[in-house]
Amino acid sequence: MKSILFTPLDIGKVHLINRFVRSATHDYMADDRDGSIQPAQVELYRRLAEGEIGLIITGHAYVHLSGKASPGQIAADDDSKIPGLKELVSAVHGSDSGSRIFLQISHAGRQTKPSLCRQQPVAPSEVYDPVSKIMPRALTAVEIYQVIEWFVAAARRAKEAGFDGVQLHAGHGYLLSSFISPHTNRRQDDWGGNWEKRSRIIREIISGIRKVCGPDFPVAIKMNATDHLPEGITLEEASLIARSLELAGLQAIEISGGMNEAGLGSVWPGVRAEEDEGYFVPLAVEVKKKVSIPVMGLGGIRTLRVAEKVIASGRVDLISMCRPFINNPHLVKDFRLGRLEKSPCISCNKCFNPRGIRCVQNKSEAGKN
Ligand SMILES: Cc1cc2nc3c(=O)[nH]c(=O)nc-3n(C[C@H](O)[C@H](O)[C@H](O)COP(=O)(O)O)c2cc1C
Ligand code: SF4
């Protein structure tokens, strides 16, 4: 019998050939001067598509230089980036596999430093970041509208470059995540306070994208349902926000968690046992009870049997993985052909490499990305 993992699913009008998602993965490989796409990235995406991943989500692309988070990060901050982004899309659509590709669009907010973003980092409120040792500057209301425009313009560029959709990065403590978190959003105006006001910026972005890109261009989100901080976002609030975003036109949701200052981030080390797999799945299952759009389960999923169980029970709709595809971009194909039953990724986190992501455990992949 065919595994449910290899059955299709649609996100809006975008047809996915199977239930596997490559979770957004920053690769440190763009031109650090301006975030433009480099040939090694085109090759990486060609290999991911060849590997039959249903939906490939790019690394986070900054929507404005003030939101650059990391060296070698890709950018969608002006129209000059469209030709390079088109090459990524062509590498995926040119494959026979039928893989689709979304651009993840992001602003780092307070989780960056002036040497990267060339200014004092911005945030909803002045809340000191003990990791970067930065006191951010609070955005004015006028600047919040500007941020919304940056996200909408980045989505318009994604559409022009041929992407099948966009994913808003509202996780891990970056700007949109810091808006929905009561820990980092202490505003008393229309953009802070209760969960509705804290999430307003995201609904405004979705509605702006809808206007510019039309109803058929999917907008997905990666969102924290926990910050791993006692005063951070709660699952209950995240579920209410998710429902409100669906009503605003959101078409898929990926549930994640963590913030730099929490110590426990989104990329957990040492996931080895099957019981440890899917560390954000229980949160996604709860959010799914409140929405009818596809929900992605994430966090340390490594084993085919575990993925199958999660999907077959209807607890989530899609399986999202990141590190296993750094280890092996062809993992899904290897699963389908019965060549592998578990990703060899041991969650050691040594793939964070400023010279370009690579798996230290899989020497045969070294140099190919
Ligand atoms: C090298 C690396 C880069 C990442 N870049 C991003 C990113 O650009 N955007 C994002 O939302 N998450 C990013 N993540 C987090 C992953 O998408 C994912 O949420 C996390 O690694 C858990 O999934 P996994 O256990 O399958 O790796 C990154 C993770 C790694 C290891
Ligand atoms: S270096 Fe390889 S094994 Fe270690 S976490 Fe990264 S992909 Fe997995």
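Two residues are in contact if their C-beta atoms, placed from the backbone, lie within 7 Å.

## Basis of the model

The model is predicted: local features need pLDDT of at least 70, side-chain atom pairs count only at pLDDT 80 or more, and totals for chains, interfaces and linings use all residues. Residues are numbered from 1 along each chain as its sequence is written, while chains are lettered from A and ligands numbered from 1 in the order in which they are written.

## Helix α8

Helices (H or I, at least four residues) and strands (E, at least two) are DSSP runs, numbered from the N terminus. Helix α8 covers residues 235–247.

Ala 238, Ser 239, Ile 241, Ala 242 and Leu 245 are the buried residues of α8; buried means 20 or more other C-beta atoms within 10 Å of the residue's own, exposed means 12 or fewer, and partly exposed lies in between, with C-beta atoms placed from the backbone. Seen down the axis of α8, these buried residues fall within an arc of 165 degrees (taken over the directions from the helix axis to the C-beta atoms), so they line one face of the helix. The face turned away from the buried side carries the exposed residues Glu 236 and Leu 247. Just after α8, Gly 249 has a positive phi of about 120 degrees.

## Packing and strands

The buried residues of α8 pack against the helices α5 (175–180), α6 (195–198), α7 (200–213) and α9 (281–288), and against the strands β9 (219–226) and β10 (252–257).

In β9, eight of its eight residues are buried. Strands pair if DSSP finds at least two bridges between them. β9 pairs with β8 (residues 165–170) in the parallel sense over five bridges, and Val 219 of β9 is the bridge partner of Val 166. β9 and β10 also run parallel, joined by six bridges; Asn 224 stands opposite Ser 256 in β10.

## Ligand surroundings

A residue is near a ligand if its C-beta atom, placed from the backbone, lies within 6 Å of it. Around ligand 1 there are 24 residues, of which Ser 23, Ala 24, His 26, Cys 322 and Arg 323 come nearest. The elements giving two or more residues to this shell are β4 (55–62) and α11 (323–327). By class, the shell has 10 nonpolar, 12 polar and two charged residues; Ala, Val, Leu, Ile, Met, Phe, Trp, Tyr, Cys and Pro count as nonpolar, Asp, Glu, Lys and Arg as charged, and the others, Gly among them, as polar.

Ligand 2 is surrounded by 13 residues, and the closest are Cys 345, Cys 348, Cys 351, Cys 359 and Gln 361. Its shell has seven nonpolar, four polar and two charged residues.

Technical notes
Expected span 1.5 Å × (residues − 1).
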